[in-house]
Amino acid sequence: MSYVTLEELGRIAETELAAVNKKLEQGPLTTKDRMAIPQQDMPVLEPRGRARLMDEVAMGYTSEQAIVEAQRCLQCKNQPCVNGCPVNVPIPQFIAEIAKGDFKKSVDIIKTTNLLPAICGRVCPQEKQCQEQCTVGKALKDVEKSVAIGRLERFVADYERENNLQTLPDIAPDTGKRVAIIGSGPAGLTAAADVRRDGHEVVVFEAFHKSGGVMVYGIPEFRLPKTIVSQEIDQLKRMGVQFRENFLVGRTGTLMQLLEEQGFDAAFVGTGAGLPKFLNIEGENLIGVFSANEYLTRANLMRAYDKNADTPLYDAKHVAIVGGGNVAMDAARTAFRLGAEKVSVIYRRTRNEMPARREEIAHAEEEGVEFLFLENPTRILGDEEGRIRGVEALSYQLGEPDESGRRSPVAIPGSEHEIPCDALIVALGNDSSPLMMKTTPGLEVNRKGNIKADESCATSLPKVWAGGDIVQGAATVILAMGDGRRAAASINEYLKQA
Ligand code: FAD
Ligand code: SF4
Ligand code: SF4
């Protein structure tokens with residue numbers, strides 16, 4: 001598809017809105033009218049130019065685009081989209097307000113169940129959640145043509161922030177009870193907000209020097225600007241939530257010390273899944289081999305792309321990435337922005353089996369990322385100075401489906417070949433760090449090292465709740481937020497009686 005500018009998309013939407021308004025003068029829109037309105041494209045930065053910039057790629061709808069897109073919603077009585085959202089955002093209701101042009105009312109409706117709409121509107125895998133269930137997408141037999149719920153959510157959240165319309169929620173009088181939140185990712189931040197609303201003192205303990213979890217150190221600036229996350233954190237600070245950064249629970253102090261010596265009445269553990277998986281092949285210790293975690297943390301949190309930052313940049317011209325998920329796409333696109341001239345993604349299955357979002361794959365491709373399908377490294381090759389000079393890979397073909405339902409890759413004997421590169425980024429997913437479990441006697445974990453928690457996020461220990469990736473394994477922002485909400489409700493209930 002050829003590139004269409006923001007201005008052009010804005011003009012198209014103005015024409016469409018005029019046509020919609022004309023129809024409305026004759027009476028309410030019919031289902032047929034609504035189905036005939038084309039989905040509004042997201043305006044984006046021009047692909048080749050943006051591949052060298054950290055600026056956000058998706059620019060957000062214009063007001064006209066948002067209203068036209070909102071008119072596509074059929075206001076289904078059974079609201080299937082709401083069931084597809086892990087926090088049950090009242091989707092038809094917030095979209096109806098956009099159609100009327102009341103953007104502030106719309107965002108207020110979203111915030112009854114989702115505290116971070118500017119973030120979720122950007123990073124939720126909507127095509128597998130709310131939009132997957134949308135009647136419009138089903139009728140058009142294409143989930144990509146569903147009502148663009150996420151884009152609309154982002155639009156009203158941005159409208160509220162850009163026009164300084166954010167208001168602080170009501171906070172109950174001080175109860176004298178204290179709650180420790182371990183980890184400042186979406187699970188921890190959501191739990192902190194909801195516990196604070198009930199009047200409890202809340203302290204968030206964060207290992208890094210900056211709060212926000214993966215939203216600041218993993219998801220790149222060009223997908224989620226860090227100012228958006230920091231404004232959400234400022235909002236929590238204004239509510240009275242305290243942040244203690246550079247505090248690694250398990251080293252700086254243990255969870256039990258917080259509860260038994262520092263007077264906390266309850267704790268929520270939202271420490272995420274930050275332990276990278278590796279290939280475990282020869283050469284993985286060579287200079288120039290990074291986990292995606294380290295590579296993205298250097299770029300995002302430590303701002304390696306910024307010439308004024310002290311973080312050293314590893315200078316590589318041909319960067320290879322192994323993996324096929326969203327983290328691999330983020331690392332590949334970041335590599336161009338850190339100066340790579342060529343970026344190759346090595347994936348052992350085909351495009352059809354890639355777990356990354358379609359949109360992320362398309363953006364990576366538009367920016368010039370090369371995909372090497374049905375290949376996988378077997379050995380990392382180094383030069384005499386201990387630096388990577390390439391990988392040896394095997395070619396694969398697809399066999400029978402495995403337990404994930406995807407056809408499993410089968411190596412082709414004798415197909416070894418070299419892929420030259422001067423950096424390799426391993427993006428194979430993350431496990432949970434064992435630190436909390438090792439330093440908290442009695443905290444039960446499953447065989448994958450994830451903390452065991454029940455429906456209300458209560459763990460095996462009294463006074464301790466847990467949620468987000470440390471319980472679910474590497475999942476999503478909105479699922480982590482959902483856990484934070486459930487845990488906070490349970491903590492608030494417990495503290496009423498404690
Ligand atoms: P995290 O966000 O991981 O936050 C945990 C926090 O706890 C961290 O700040 C960590 O430093 C801190 N911590 C850890 N141990 C301790 C300790 N012992 N003491 C104190 N603090 C501690 N999801 C999406 O929905 N959409 C996306 O587009 C998306 N893209 C992603 C891209 C990347 C590169 C990665 C890695 C993940 C992505 N995810 C995405 C997944 C999503 O970010 C996570 O599911 C989500 O952030 C989990 O939230 P959490 O609060 O459980 O943990
Ligand atoms: Fe969809 Fe995510 Fe918003 Fe829920 S929070 S409605 S899943 S974009
Ligand atoms: Fe609107 Fe789609 Fe939800 Fe129906 S399923 S109410 S069309 S967003």
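Predicted model: local features only at pLDDT ≥ 70, side-chain atom pairs only at ≥ 80, totals over all residues.
Which atom of ligand 1 lies 2.7 Å from a backbone N or O atom of Val123? It is a nitrogen atom of the ligand.

**Ligand 1**

| Residue (backbone N or O atom) | Ligand 1 atom | Distance |
|---|---|---|
| Val123 | nitrogen | 2.7 Å |
| Ala187 | oxygen | 2.9 Å |
| Val214 | oxygen | 3.0 Å |

Of the 990 Å² that ligand 1 exposes when taken alone, the protein buries 92%. The ligand is surrounded by 34 residues, the closest being Val123, Glu206, Arg223, Val249 and Asp469. Sorted by class, this shell consists of 20 nonpolar, 10 polar and 4 charged residues. At least two shell residues come from each of helix H11 (186-197), helix H12 (214-217), helix H16 (326-337) and helix H20 (477-497).

**Strand E4**

Strand E4 spans residues 266-269, with Ala266 and Phe268 pointing one way and Ala267 and Val269 the other way. Are these residues buried or exposed? All of them are buried.

Strand E4 pairs with strand E1 (residues 178-182) in a parallel arrangement joined by 4 bridges. In that pairing, Ile182 stands opposite Val269. Strand E4 also runs parallel to strand E16 (residues 464-466), over 3 bridges. Here Val269 has Ala466 of E16 opposite.

How values were computed: Residues numbered from 1 in each chain as written. Chains lettered and ligands numbered in written order. Heavy atoms only, no water. Near = heavy atom within 4 Å. Polar contact = N/O pair within 3.5 Å; in protein donor to acceptor, adjacent residues only side chain to side chain. Areas by Shrake-Rupley, 256 points an atom, 1.4 Å probe, with all protein chains shown as cover. Nonpolar A, V, L, I, M, F, W, Y, C, P; charged D, E, K, R; others polar. Buried < 20%, exposed > 50% of the residue type's maximum accessible area, 1.4 Å probe, protein only. Pairing = 2+ DSSP bridges.
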